[in-house]
Amino acid sequence: MVSGRDTDKFSTTGLTPLKSDMVDAPYVKEFPLILECKVINIVEIGLHTQFVGEIIDVKADEAALNEKGFPDIAKVKPILFSPETRAYHKVGGYLGEAFSIGKGVAI
Ligand SMILES: Cc1cc2nc3c(=O)[nH]c(=O)nc-3n(C[C@H](O)[C@H](O)[C@H](O)COP(=O)(O)O)c2cc1C
């Protein structure tokens with residue numbers, strides 16, 4: 001609804017920009033999970049351009065990690081964007097363990 005060209009979005013939102021370690025772009029101090037990426041491929045896919053990134057640095061709040069030190073999606077609380085309905089959603093609950101949830105199901 002506004003452009004960073006005319007408005008300081010950081011001061012408006014109360015978020016804090018910090019200098020990244022590896023890339024030439026700021027990251028947001030208050031965010032629980034920061035992935036600094038190097039662009040390794042750019043694909044024109046029609047209406048949009050897809051950027052494929054290689055993660056070259058990770059910063060994570062302890063509070064967003066599970067007991068093994070990996071990001072816990074329930075704690076990170078990512079936002080999903082649905083373009084067709086122009087709607088934002090939160091991620092739902094745990095469904096099951098990958099690569100074993102289908103075991104024992106007759107096909
Ligand atoms: C997937 C996607 C979703 C967006 N959703 C919104 C939105 O909900 N509200 C909004 O004001 N801008 C939305 N935008 C637009 C940008 O956030 C932003 O307004 C635009 O980049 C112009 O700001 P800038 O000049 O500072 O880059 C969206 C952009 C993308 C790519």
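Two strands are said to pair when DSSP finds at least two bridges between them. Keep that idea in hand for the views below, which come from a predicted model.

**Figure 1. The whole protein chain, from end to end.**
Welcome to the overview. The protein chain has two helices and six strands. Reading from the N terminus, these elements follow the order α-β-β-β-β-α-β-β. The protein chain is more spread out than a compact globule, because its radius of gyration is 18 Å, well over the 13 Å that the globule rule gives for 107 residues. Taken along the principal axes, the box filled by the C-alpha atoms is roughly 60 × 40 × 30 Å. How much of the protein chain is made up of buried residues? Buried residues make up 0% of the 107 residues. Contacts tell another part of the story: of those with a separation of 6 or more, 19% are between residues 24 or more positions apart.

To see the pairing for yourself, find Ile79, which stands opposite Lys90 in β6. Four residues lie between the two strands of this hairpin. Arg86 is in the turn, with a positive phi of about 50°.

Is Arg86 buried or exposed? Arg86 is exposed, because 7 other C-beta atoms lie within 10 Å and the cut-off for an exposed residue is 12 or fewer.

Now turn to strands β3 (residues 33-44) and β4, which pair in the antiparallel sense over eleven bridges. Which residue is the bridge partner of Ile34 in β4? The partner is Lys59. β3 and β4 form a hairpin, with four residues between them. In that turn is Gly46, whose phi is positive at about 110°. Strand β4 spans residues 49-60 and is hardly covered: of its twelve residues, the count of buried ones is zero.

**Figure 2. Thr49 in strand β4.**
Thr49 belongs to strand β4. Thr49 counts as exposed because it has 9 other C-beta atoms within 10 Å. Which residues does Thr49 touch, once its neighbours within four places in sequence are left aside? Thr49 is in contact with Ile42 and Glu44. For a sense of scale, look across to Ala25: the residue is 24 positions from Thr49 along the chain, and their C-alpha atoms are separated by 19 Å.

**Figure 3. Asp72 in the loop between β4 and α2.**
Asp72 is in the loop that lies between β4 and α2 (73-76). Asp72 counts as partly exposed, because 17 C-beta neighbours are inside 10 Å. Leaving aside neighbours within four places in sequence, Asp72 is in contact with Ala64, Leu65 and Asn66. Thr85 is 13 residues from Asp72 along the chain, and their C-alpha atoms are separated by 27 Å.

The phi of Phe99 is near 70°, a positive value in a residue other than glycine. Phe99 counts as exposed because 6 other C-beta atoms lie within 10 Å. Gly102 also lies in the segment after β6. Gly102 is exposed too, because it has 9 other C-beta atoms within 10 Å. How far apart are Gly102 and Ala63 in space? They are 31 Å apart, C-alpha to C-alpha, with 39 residues of separation in sequence.

**Figure 4. The shell around the ligand.**
Which residues surround the ligand? They are Met1, Ser3, Gly4, Arg5 and Phe81. Sorted by class, this shell has two nonpolar, two polar and one charged residues.

How values were computed. Residues numbered from 1 in each chain as written. Predicted model: local features only at pLDDT ≥ 70, side-chain atom pairs only at ≥ 80, totals over all residues. Near = placed C-beta within 6 Å. Nonpolar A, V, L, I, M, F, W, Y, C, P; charged D, E, K, R; others polar. Buried ≥ 20, exposed ≤ 12 C-beta atoms within 10 Å, placed from the backbone. Contact = placed C-beta atoms within 7 Å. Rg over C-alpha atoms; globule rule 2.2 N^0.38 Å.
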